[in-house]
Structures are given as C-alpha cells and as structure tokens.
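I open this notebook to record what I looked up in the structure shown below. The entries go from the sheet to the cores and then to single residues.

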Amino acid sequence: MPISVAIIEDDPGIREMLTRTIERAASLRFTRAFPSAEEALAELPELKPDVVIMDIQLPGINGVDCTLRLKELVPGTQVLVFTVFGDDDLVFKALEAGASGYLLKRTPRQAVIDAVRDVWHGGAPMSGEVARKVVESFRKPPKAKLEDAEQLTPREEEVLALLAKGYITKEIADQIGISFDTVRFHLKHIYRKLHVRSRSEALIKYLR
C-alpha cells in the first residue's frame with residue numbers, strides 16, 4: 001500500500017512544491033494540503049494520513065502545538081517537520097511534541113521523499129546539522145534521572161543508545177543480537193518507564 005501523506009504549510013509556493021513532489025513519488029499517495037493548523041486539525045483525524053509534513057511557523061496554532069495535538073488525535077500518524085528553523089529550542093520542542101523527523105527546507109526533493117518513507121518505516125530522518133545538535137546533546141554532562149521515571153535496565157539503556165543513533169527496530173536487533181520482537185518488548189517498557197508515546201519523545205526526555 002502507498003504511504004498516504006498530508007501537508008501543513010502556509011506558504012503557497014512551498015505547499016505546491018511539496019504537493020507535486022509527493023504526487024510524483026512512487027509508493028507515496030498525496031492526501032491533502034492545509035494552509036493552517038486549524039484547518040488540518042479539523043480534518044486529519046478523519047483522513048488519518050500515514051505521514052504529515054509539518055511547517056513550524058504557521059499562522060495561529062504553530063507547528064509544535066499542532067504536532068502535539070495531532071499526536072493526541074491520531075497517534076499512528078508520523079510527523080515530519082519541514083522548516084527553515086534549525087535552532088536548538090525548536091528542534092527539541094518539536095521532537096518532544098511527538099515529531100519523528102526534522103528537515104530543513106533547503107533539503108533536496110528526493111531527500112524529502114526518502115525521509116517520508118524512512119519516518120513511516122520507523123526511522124528518525126534529520127537534516128545533517130539538526131542531527132548534529134541531537135548528537136552533541138549527548139556530550140553535555142549527564143543530568144539527574146527524571147524522578148518520575150523508573151530506572152532503565154542496562155539492556156534498555158543499550159536499546160535507547162542505538163535508537164539515538166538513528167537505528168530502526170530491525171537494525172537494533174541485529175546490532176545487539178536479539179530478535180525483532182524482543183526489541184519491541186524493550187521499547188514498550190522504555191516508553192512506559194519514561195511516560196512517553198514515541199521514539200523521539202523517549203530520546204529527548206531521557207537526554208534532558
């Protein structure tokens with residue numbers, strides 16, 4: 001089945017470019033394009049697209065808040081941020097809200113197509129400089145564990161570390177030498193202990 005994709009972008013030119021890009025891509029199916037978060041939130045719960053390409057600077061409700069609301073309404077929909085902003089605060093806020101990928105708008109069209117496929121299949125695609133910000137956050141002095149989170153086991157820590165490097169479930173299983181289902185079991189317990197609902201939320205909450 002093709003991956004259904006919706007777009008939330010207030011700039012008409014970029015919205016049209018993204019629409020054409022998705023329409024022409026093999027294995028992707030364009031669903032709808034919205035100029036505002038308000039319009040998108042009114043219709044997306046019924047459309048239930050697989051992936052939403054989300055701008056951050058939207059009129060009215062911004063992209064971070066829209067991502068948070070969308071993940072509550074349609075948890076299975078993956079959000080791929082597509083924005084000109086790459087500053088640390090917006091990157092982490094978007095990931096904390098539930099976004100699974102973060103691309104800058106100068107990303108080539110084919111890379112956008114690849115990122116849509118990747119995010120739907122469990123990856124966390126990011127533009128190079130955004131990924132570097134996430135990696136650099138590992139180099140900061142470790143902070144105290146969250147009081148409301150249960151202690152992770154050494155195996156769960158290992159799974160989370162590979163998750164931070166961008167590995168998908170199958171790759172984590174191959175790296176550690178355990179089954180695909182066992183990785184999913186560990187991820188389920190990691191989410192429960194950290195009180196999160198997605199890979200990106202787990203990573204960001206643990207790092208902070």
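What is the order of the strands in the open sheet? I found an open sheet of 5 strands in the order β2-β1-β3-β4-β5, with parallel pairing. Before going on, I note that this is a predicted model, in which local features need pLDDT of at least 70, side-chain atom pairs count only at pLDDT 80 or more, and totals for chains, interfaces and linings use all residues. Residues are numbered from 1 along each chain as its sequence is written, and side-chain values use heavy atoms, with hydrogens and water left out.

**Entry on the sheet.** I took strands (E, at least two residues) and helices (H or I, at least four) as DSSP runs, numbered from the N terminus. Two strands pair if DSSP finds at least two bridges between them. β2 and β5 stand at the edges with a single partner strand each, so one side of each has no neighbour in the sheet. On average, neighbouring strands are turned by 20° against each other, direction ignored. Axes here are lines fitted to C-alpha atoms, for helices over the stretch in contact, and angles run from 0 to 180 degrees between N-to-C directions. I also saw that α2 packs on the sheet and touches β1, β2 and β3, its direction making about 140° with that of β2. Contact means heavy atoms within 4.5 Å. I then counted 4 bridges between the parallel strands β4 and β5; Leu 80 has Gly 101 in β5 as its bridge partner.

**Entry on the cores.** A nonpolar core is a set of buried Ala, Val, Leu, Ile, Met, Phe, Trp, Tyr and Cys residues joined through side-chain atoms within 4.5 Å. Buried means under 20% relative accessible area, exposed over 50%, and partly exposed in between (1.4 Å probe, protein chains only). The largest core has 28 residues, and Ile 8, Leu 44, Met 54, Leu 70 and Tyr 102 have the most contacts inside it. α4 gives the most to this core, with 6 residues. Apart from it I noted another core of 18 residues, including Phe 82 and Val 119.

**Entry on single residues.** Is Thr 31 buried or exposed? Thr 31, in strand β2 (residues 28-34), is buried, because its relative accessible area is 18%. Ser 27, in the loop between α1 (12-24) and β2, has a positive phi of about 75° although it is not a glycine. Lys 48, in the loop between α2 and β3, also has a positive phi, near 50°. At 54% relative accessibility, Lys 48 counts as exposed, and Ser 27 is partly exposed at 41%.
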